[in-house]
Amino acid sequence: MDFVTHALIGRALAISPKNSRRDFWLIILFAVFADIPHIANYLYLGYIKGRFLWIPHTSDWTGFAQLHPLQFMLWEIPHSITFMALIILPIVLVFKLPKMTLLAYGLHLFIDIFTHTGEWAMRLFYPLKYSVEGFTNTWAWQLPYMGICWTFLILIVV
């Protein structure tokens, strides 16, 4: 799924009036947290492809894993249950963050299981090679279709 959709889902999770302003933003942050390291890949790919404002085209991502295995790990590692268990869970517990932040992170992974295929299929137990093939690559939709999805999510939040 795309960054905006994950943020909107985090916003939907953070809707409780019990949440402080800090907790509200932490929940949204953790909903997108797995994709934050991938922003560097996004800009890098746009740069090497010579794209306007370094914004890569969807087709630019094909073969990225094979051509840039180290950069690809910036996506694979935080998109694993291993990372969630060894890094995210201790952060939530040690810093006494709201449990909803862990749910937001886990929901990000859960949604991505179904929305990533091929080389972008989820390796839930990274570094093990086993991957889970999703049904579609919704992250690769054209902007108008993403806009429709975002509109529905905004209506759900409202």
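This is a predicted model: local features need pLDDT of at least 70, side-chain atom pairs count only at pLDDT 80 or more; totals for chains, interfaces and linings use all residues.
A residue counts as buried when its relative accessible area is under 20%, as exposed when it is over 50%, and as partly exposed in between.

The structure holds 3 salt bridges.

| Salt bridge | Closest N and O atoms |
|---|---|
| D23 with R22 | 3.0 Å |
| D60 with R51 | 2.7 Å |
| R123 with E76 | 3.1 Å |

**D23 and R22.** The relative accessibility of D23 is 16%, so this residue is buried. Its partner in the salt bridge is R22, and R22 has a relative accessible area of 46%, which means that R22 is partly exposed.

**D60 and R51.** D60 has a relative accessibility of 6% and therefore counts as buried. R51, with which D60 forms a salt bridge, is partly exposed because its relative accessible area is 24%.

**R123 and E76.** In this salt bridge the closest N and O atoms are 3.1 Å apart. The pair links distant parts of the chain, 47 residues apart. R123 sits in the loop between α7 (99-114) and α8 (143-157), while E76 belongs to helix α5 (residues 69-76). R123 counts as buried, at 14% relative accessibility. E76 is buried as well, its relative accessible area being 8%.

Terms used. Residues are numbered from 1 along each chain as its sequence is written. Side-chain values use heavy atoms; hydrogens and water are left out. A salt bridge is a side-chain nitrogen of Lys or Arg within 4 Å of a carboxyl oxygen of Asp or Glu. Buried means under 20% relative accessible area, exposed over 50%, partly exposed in between (1.4 Å probe, protein chains only). Helices (H or I, at least four residues) and strands (E, at least two) are DSSP runs, numbered from the N terminus.
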